[in-house]
Amino acid sequence: MEVDAVLEGLWKFLVEEYTKKTPRSRQAFERARKVLPGGVTYHIRYLSPYPPFIERAVETKVVDVDGNVYDDYWMGHGAHVLGHSPRFVVEEACRAAAERGTHLGYENTLAVEYAELLTKVIPNVEMVRFTNSGTEANMYAARLARAYTGRKYIVKMEGGWHGGYDSLHTGVTPPWRGPESLGLPEDFIKYTIVVPFNDINALEDALRRYEVAAVFVEPVLGAGGCIEARREFLVEARRLADQYGALLVFDEVITGFRLALGGGQEYYGVNADLVVLGKAVAGGMPGAGAFGGRSDVMELLDHIRNPDPRRRSFHGGTFVGNPVSIAAGKALVSYLARNRVLYEESNRAWEEFKARLDRLCEEHGRPCWATGAGSMIGIHFTRSRRPWNAREARELRWSRVVERVANLYMRVNGILYLTEGTMHLLPSLVHTSEQRERFLKAFESFLDTLEETLKGRPWA
Ligand SMILES: Cc1ncc(COP(=O)(O)O)c(C=O)c1O
């Protein structure tokens with residue numbers, strides 16, 4: 001694209017600025033490349049020309065090894081809904097480790113208490129099981145749904161990211177079909193049907209044509225660009241799942257404890273049969289995953305009711321239910337339950353922020369649109385119209401490089417978010433209005449620079 005060539009000029013200018021500010025990160029990246037594939041611990045953490053190496057995080061900010069301070073809009077992949085490492089959560093986790101043990105491998109009452117709490121605050125969750133990650137939680141939920149219904153097919157949304165579990169590792173990026181990874185045989189995903197998000201006709205068509213065990217949907221597409229569901233879509237998905245005998249599974253790994261304490265179900269007022277949790281469920285500690293739902297479904301995991309392993313659905317794992325993740329999660333969720341008002345304030349503030357972002361896009365001749373719900377915000381460089389699903393967000397892009405340039409521009413201006421391919425923000429409930437203003441100012445200045453650059457005038 002011609003515009004991309006013009007934007008590469010701006011990119012080069014920004015790389016010079018960034019390189020001046022981050023010599024130690026550059027060195028760290030050179031070392032990392034020798035021992036970590038791609039120089040990173042997870043490819044989505046890569047930012048070009050090299051990522052800032054973060055030394056520490058404090059509340060809503062992170063500091064890199066060169067001492068640069070950034071407002072953080074990535075927040076540990078969205079795990080830190082109350083900011084980085086709230087003191088009382090860390091204290092509870094340390095107390096659990098010191099007084100109970102880091103990992104027991106036996107039953108403990110803390111896990112029972114946390115399960116009781118989750119069943120109180122999350123709608124339609126009568127029973128839960130803990131896992132070590134969101135990926136695992138989705139994997140076991142898929143297994144359970146197949147076990148319960150006796151069916152094989154799973155429906156998921158284009159752009160829906162549920163982790164790297166085989167059956168769900170398709171339809172995440174264009175062309176929205178086939179294995180998303182080398183080493184994942186086609187056969188392993190042959191029972192997975194991918195449909196566009198917010199497209200009720202496509203969903204009904206899939207349900208009509210296949211014997212579907214479960215429909216997996218995020219109430220707000222996360223990695224797919226923070227695109228909110230139209231409420232009617234979720235309402236209809238609920239109705240159609242019932243009509244066709246499939247379970248409705250809400251992947252609330254991001255939306256859980258974020259849109260509302262009870263996640264997307266509470267926010268949209270739509271009931272799921274199974275709910276998948278991750279990230280914040282362990283209060284910012286590793287080992288973050290859980291799934292839960294109706295007890296008649298969850299009881300298929302019960303080995304007392306179903307002594308024959310072949311007549312029940314498996315779930316387990318060495319570290320599941322360890323005191324550290326459980327204590328941290330329980331401390332966080334108890335706090336949120338006592339301070340539900342935070343959600344109202346935060347959702348109102350981020351909705352207003354999103355409206356102002358969108359106005360900036362409008363005032364600059366519509367190079368972009370703001371999407372999302374509550375504290376999940378996407379910015380999409382689709383000039384012609386606002387995207388309602390991941391396919392539209394990708395296909396309507398007017399540039400292949402503008403997201404990367406925007407990311408570096410904001411980074412140089414002290415604002416950090418991932419990824420550089422999709423501009424989506426996952427701020428916490430405790431980001432301040434000053435931070436919102438700072439973001440808006442920096443983004444406005446980016447849009448001014450973009451306008452100037454595309455008109456062929458110098459940007460510096
Ligand atoms: C909606 C959703 N589901 C599942 C996962 C996978 O979770 P994890 O990375 O903990 O395995 C993610 C991770 O980003 C996610 O956003």
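Being a predicted model, it is read with thresholds: local features need pLDDT of at least 70, side-chain atom pairs count only at pLDDT 80 or more, and totals for chains, interfaces and linings use all residues. Residue numbers start from 1 along each chain, following the sequence as written. The pLDDT score is the predictor's confidence in each residue, from 0 to 100. Its mean over the protein chain is 97, with 99% of the residues at 70 or more. Among the elements of the chain (DSSP runs numbered from the N terminus, with helices being H or I of at least four residues and strands being E of at least two), helix H1 (residues 2-21) has the lowest mean pLDDT, at 95. Strand E10 (residues 247-251) sits at the other end with the highest, 99.

The protein chain splits into domain 1 (2-78 + 341-454) and domain 2 (87-338), with bounds taken from an automatic or database domain assignment. Their C-alpha centres are 28 Å apart. Domain 1 puts 23 residues into the contact and domain 2 puts in 24, where contact means C-beta atoms, placed from the backbone, within 7 Å. On the domain 1 side, at least two residues each come from helix H3 (75-78), strand E13 (369-373), strand E14 (376-380) and helix H13 (390-395). That side has nine nonpolar, 12 polar and two charged residues; here Ala, Val, Leu, Ile, Met, Phe, Trp, Tyr, Cys and Pro count as nonpolar, Asp, Glu, Lys and Arg as charged, and the others, Gly among them, as polar.

Next comes the core. The largest nonpolar core has 131 residues, and those with the most contacts inside it are Ala 214, Val 215, Leu 247, Val 249 and Leu 274. Both domain 1 and domain 2 give residues to this core, so it lies between them. Such a core is a set of buried Ala, Val, Leu, Ile, Met, Phe, Trp, Tyr and Cys residues joined through C-beta atoms within 7 Å. Buried means 20 or more other C-beta atoms within 10 Å of a residue's own, exposed means 12 or fewer, and partly exposed is in between, with C-beta atoms placed from the backbone. Leaving out residues up to four places away in sequence, Leu 247 touches several others, including Ala 145, Tyr 148, Ala 213, Ala 214 and Leu 274.

The Ser 48 to Pro 49 peptide bond is cis, with omega near 0°, and Pro 49 is in the loop between helix H2 (23-35) and strand E1 (54-58). The bond from Leu 418 to Thr 419 is also cis, with omega near 0°; Thr 419 is in the loop between strand E15 (415-416) and strand E16 (423-425). Glu 59, not a glycine, has a positive phi near 50° and is partly exposed, with 17 other C-beta atoms within 10 Å. Trp 176 has a positive phi of about 70° and lies in the loop between strand E5 (153-157) and strand E6 (192-195).

Conventions. Contact = placed C-beta atoms within 7 Å.
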